[in-house]
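Visitor: I am new to protein structures, and I would like to learn how to read one feature after another. Could you take me through an example?

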Amino acid sequence: MNGGPSGFNNAPVTRSFIIASAVFTVFFGIQGRSFKLGLSYQDLFGKLSIWKLITSVFAFSSTPELMFGLYLLYYFRVFERQIGSNKYSVFILFSVVASFLFEFVALAILKDPTANLLTSGPYGLIFASFVPFYFDIPVSTWFRTFGVRFSNKSFIYLAGLQLLLSSWKRSLLPGICGILAGSLYRLNVFRIRRAKFPMFISSFFSRVSWPSLGNPPTAPARNLAGNVPSYTTRQVERTHPPRVAPSAVEPSEDSVAMLVSMGFDQNSARQALVHARNDINAATNILLEAQSH
C-alpha cells in the first residue's frame, strides 16, 4: 500500500515539502541544535522566537522522527493527487496554522516557562492527514497475524503511533492538535475545502527540478497512461470477471476523474468502475488489488 504509483508524479507540493523538511532537519542536526527546536511557553510568550516558529514546521528533532515522518508525508501524497496541488496547498497551510493555534492555547493553559513542551516537525500536517486517511481511503485487504486481524492500512496507523509517541509528551500534544486541525478541515469550517491557491502555485512547484529523485515529468491529470503498468487492466479483468454488461453500468465521469486524480490509469479506472457498478470505493479496492499482483 503506497498511495498510488511510486514517485512524486502529480504531487509536486508534497515533494517540495519533504525535501524542505529533510534539509532543515539535517542542517540543524549537523549544528547540534535539533533538541533546541521544540517550542515552549517562554518561546511564545517571552522571547517570541520567530525563527523557532518557522523551523518547527519543517525540522524534526531526531533521526527516527525524520524517518517515520517522511514516510508518512510520502504516503499522504495521495491526497494531493486526489484534490489537486492548489487545494492541497490550502490543506497544508490550514493544518499548520490551525494546529499551531491549538498548541498556542495549550501552552497558554499549561504556563510552564521552564519546560520544552512541544517537539518540532510537521506534526500538524501529518496528523491532520490521518483524518481523510481514516474516512476516505478504503481497506483493500485483511490478514491475521498471531490471531490479530490487520488491514493494509494498519502499517500507516502503526507508523503514526510510533511518531506520536516518539517523544512522549512532547510529541503527543502536537499530534493531537494536528488531528483537531484535520477534523476542522473535514468539517469544512469557513468552507475551507472549497478554497484553493492560484494555478501559479502548483505550476511553480511543478517546474522545480530535483534530478536526484529521478522523478519523471508530471503528466496532466487527465492523461496518466503509463503511470500504471500496462498489465493493470488485464489484472482487473482476471481478478474480477464482469458481472454485468458494460453498457448497463456506464461509469460516471466524476468517478473516473476521481480515480485518475489518485494516480490510476484512465482506462483501468473506467474498467474497474464497470466491474464495481460505479462504486468508487469498490473500484479503488479492485485497482489496488490489481497492482499488488
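Guide: Let us begin with burial: a residue is called buried when its relative accessible area is under 20%, exposed when it is over 50%, and partly exposed in between, with a 1.4 Å probe and protein chains only. Here, buried residues make up 45% of the 293 residues in the protein. This is a predicted model, in which local features need pLDDT of at least 70 and side-chain atom pairs count only at pLDDT 80 or more, while totals for chains, interfaces and linings use all residues. Residues are numbered from 1 along each chain as its sequence is written, and side-chain values use heavy atoms, with hydrogens and water left out.

Visitor: How many helices and strands does the protein have?

Guide: Helices (H or I, at least four residues) and strands (E, at least two) are DSSP runs, numbered from the N terminus. By that rule the protein has 14 helices and two strands.

Visitor: Which residues of helix α8 are buried, and what covers them?

Guide: Helix α8 spans residues 154-164, and its buried residues are S154, I156, A159, G160, L163 and L164. To say what covers them we need contact, which means heavy atoms within 4.5 Å. The cover of the buried residues of α8 includes α4 (63-75), α7 (123-136), β2 (148-151) and α9 (169-186). In helix α13 (residues 266-275), the buried residues are S268, A269, A272, L273, V274 and H275.

Visitor: How should I read contacts over the whole protein?

Guide: One way is to ask how far apart in sequence the partners are: among contacts between residues at least 6 apart in sequence, 78% join residues at least 24 apart. S61 counts as buried because its relative accessible area is 3%. Not counting residues up to four places away in sequence, S61 touches S34, F35, T119 and S120. S61 and K36 are 25 residues apart in sequence, and their C-alpha atoms are 8.1 Å apart in space.

Visitor: What is an aromatic pair, and how many are found in the whole structure?

Guide: Rings of Phe, Tyr and Trp (its six-membered ring) pair if their centres lie within 6.5 Å; planes under 30 degrees apart count as stacked, over 60 as edge-to-face and the rest as tilted. A search of the whole structure finds 23 aromatic pairs. F100 and F104 form a tilted pair, with 6.3 Å from centre to centre and 50° between the planes. Both F100 and F104 lie in helix α6, four residues apart, about one turn of the helix. An α-helix has 3.6 residues a turn, so residues three or four places apart point the same way. The rings of Y134 and F135 make an edge-to-face pair, because their centres are 5.0 Å apart and their planes are at 90°. One aromatic cluster is formed by F60, Y75, F76, F79, Y123, F127, F130, F133 and Y157.

Visitor: Are F100, F104 and Y134 buried, partly exposed or exposed?

Guide: F100 counts as partly exposed at 25% relative accessibility, F104 counts as partly exposed at 32%, and Y134 counts as exposed at 54%. Leaving aside its neighbours within four places in sequence, F104 is in contact with L44 and F45. The C-alpha atoms of F104 and S40, which are 64 residues apart along the chain, are separated by 9.4 Å.

Visitor: What does a positive phi tell me to look at?

Guide: N10 has a positive phi of about 60° although it is not a glycine. N10 is found in the segment before α1 and counts as buried, at 14% relative accessibility. W168, also not a glycine, has a positive phi of about 55°, and W168 is found in the loop between α8 and α9. Just after α13, R277 takes a positive phi of about 55°.
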